[in-house]
Every structure is written in structure tokens, then in C-alpha cells.
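Please open the structure in your viewer and keep the selection panel at hand.

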Amino acid sequence: METNSITVVYKWIAKPGKLDELTSIYKGVTDAMKANEPGALEVQVYASEETNALYVRDEFADAHALGYHLSETAGPHFPSLLEIATPGAFYFFGEVPAEMQQAAQGMGLAAEFACNVTGFGR
């Protein structure tokens, strides 16, 4: 099964007492993605009180959809997120163009990129 989809898995570590605020911001981001990003195929957000963190998995149809998300939806929230949380590792799985890789790294993200070599979907 050949696909152009891109999966991004990442973590935000909330500052003490800020996990609820971080979760609230992500609920807003998720709502905006659902309403305004047809290329955003799926978003799952998981909270852990034990690690004081959110774990997120985004699935995008292609690089264009990821680019739209980074510039239009995620970008405006980034300064607010940095005030209340520290980004953990960001893993990008799929064919991410070099300019998007550079943009992610330019945002100060600990970004890693990997291309699909095998798998299947049902």
C-alpha cells in the first residue's frame, strides 16, 4: 500500500500546574483542525498526569496538509504553548520535504524524520 500520508507523534511536557491549560489549548487546536483542515485525517491527544505531559498523534493526507497545519493552525498557538510547556521529541513519519524539515527544526523542535520502508493498512 503506497501512501503519501505523514504521521507526526510528539510530546509536550507541561509546566507545574499547567496540564489542564495545555489540554484546553489542544482541544481548541483539535476543533480547529476538524473544522478547517480537510487534509488532517486524524488527531489523537493523550494526557498523562504521571508525566505531566500530552502525547499527540496527527495524521495528515500529505506534505501540503502538514504544511498548512504548521503555518495556519499550529503556528499561531506555538508562543502560548511555549509559555506553559516544553516540547519533547517530534517524530515525523513519511515523505516530509526538506523545507518543512528545516522549518520544524527552525522552530526549535527536537525533530526526527523517517520514511516508510514497509507496512500495511486495512
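Predicted model: local features only at pLDDT ≥ 70, side-chain atom pairs only at ≥ 80, totals over all residues.

Tyr91 and Phe93 form a stacked aromatic pair, with 6.3 Å from centre to centre and 5° between the planes.

Next, select Trp12 and Phe90. Are these two residues buried or exposed? Trp12 and Phe90 are both buried. The structure holds six aromatic pairs; in the one formed by Trp12 and Phe90, the ring centres are 6.2 Å apart and the planes stand at 85°, so the arrangement is edge-to-face. This pair connects distant parts of the chain, with Trp12 in strand 1 and Phe90 in strand 4, 78 residues apart.

Now display the largest nonpolar core, which has 30 residues. Those that touch the most other members are Val8, Trp12, Leu22, Tyr26, Leu66 and Phe92. At least two core residues come from each of strand 1 (6-14), helix 1 (19-36), strand 2 (40-48), strand 3 (53-60), helix 2 (63-84), strand 4 (85-93) and helix 3 (98-106).

Finally, centre the view on Leu22. Apart from neighbours within four places in sequence, Leu22 is in contact with Trp12, Ala14, Leu54, Leu81, Ile84 and Ala85.

Notes. Residues numbered from 1 in each chain as written. Heavy atoms only, no water. Core = buried A, V, L, I, M, F, W, Y, C linked by side-chain atoms within 4.5 Å. Buried < 20%, exposed > 50% of the residue type's maximum accessible area, 1.4 Å probe, protein only. Helix = DSSP H or I, 4+ residues; strand = E, 2+ residues; numbered from the N terminus. Contact = heavy atoms within 4.5 Å. Phe/Tyr/Trp six-rings, centres within 6.5 Å; stacked < 30°, edge-to-face > 60°.
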